[in-house]
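Hi,

Here is the structure I promised to send over.

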Amino acid sequence: MTTPEPVRYSPHPELPLRELEYFAVVNETLHFGQAAEKLGVTPGRVSQMIGRLEQRIGGQLFLRTSRRVELSDLGSGLAARVVPSLLSLRAAFDAAQAAALSPARPLRVGFQCSVYEAVARVVAAMPQGMVQLVELPWSDPLTGVTAGAVDLALVLSPAEAEGLRTWFEFSPQEQVVGIARTSALAQQAERAGRTSVTAAELATLTLIGPANEAPAAWLAANAPVSTPDGTALSYGPRVRTLPEALSLAATGAGGVLLCEASAAYLPRPDLRYLLVEGVPQSSLSAVTNVGATPHPLLGEFLRRLHAATSG
């Protein structure tokens, strides 16, 4: 067992916050090995810090055997007072740090179609009120970040344009087509108990696509003019927003290609969403303007988003 370092006593000793933090974790786990894992140190270091704290206090805080660890009466009394106080201190510190990091205006995050659960969780984890969500047009994903209207754009891939940086892609999704429930294809699929259509069946539909405002590569991926086998796809109305496209589809004006997650977030009783077999998946890209001064919260948001979507 590691010998505790000598402790200097004084009439008014400094409060050993680090040692008390170790104490709180051991109190939570009642296991020195598990406490070491949570703290990112060795079990020997945990024993050393608890030993130092016991020396400072002048009594045993834990009763340890080869099989179990439990609080002593002295330890129970200390835990009842110290653990809530440490939690309060941590919350106060985090709030102060967030306030110090928070600039005068919020981080503006542009999104297309809908805000997925993973993105919403990241927004909720950021300093309160310091992330502003801005909906970007379905047909124009990149102008907002290019013009500086948003600090970060979460848009359908590919998001390649001069002056922009794609940090990572995330949320790969199968593609579906949204069609009116009264349409022949929807009724045929329902009678057959089918939840998907083939690329060839997709070619029989008139498609409602985004207006021609996006870069050519983006339009080619998200409003393709042919199926993977080369069958031509035909387009009718061209619109700026996805809700507008879905509303038109519900009237029987055509079908709308969109990702499976967006379909789940935008349900309509008058639409049927069918998986399209044999077409490439879609994904989202996190994009910034390389010429803009990064917002102070941008790095933290990207780090959290990558962690939330890369599992």
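Predicted model: local features only at pLDDT ≥ 70, side-chain atom pairs only at ≥ 80, totals over all residues.

Residues are numbered from 1 along each chain as its sequence is written, and side-chain values use heavy atoms, with hydrogens and water left out.

Helix 1 (residues 17-29) meets helix 2 (residues 32-39) at an angle of about 125°, and their axes are 8 Å apart (lines fitted to C-alpha atoms over the stretch in contact, with angles from 0 to 180 degrees between N-to-C directions). Helices here are DSSP runs (H or I, at least four residues), as are strands (E, at least two), numbered from the N terminus. On the helix 1 side Y22, V25, V26, E28 and T29 touch F32, Q34, A35, K38 and L39 of helix 2 (contact means heavy atoms within 4.5 Å).

Helix 1 also packs on helix 3 (residues 43-57), at about 115° with the axes 9 Å apart. That pair is therefore roughly perpendicular. Residues in this contact include Y22 and V26 of helix 1 and M49 and L53 of helix 3.

Then there's helix 12 (residues 298-309), with 12 residues. Its L298, F301, L302 and L305 are buried (under 20% relative accessible area, exposed being over 50% and partly exposed in between, with a 1.4 Å probe and protein chains only). The partners of the buried residues of helix 12 include helix 5 (117-125) and strand 6 (164-173).

Cheers

Definitions and conventions. Expected span 1.5 Å × (residues − 1). Parallel < 35°, antiparallel > 145°, perpendicular 65-115°, else oblique.
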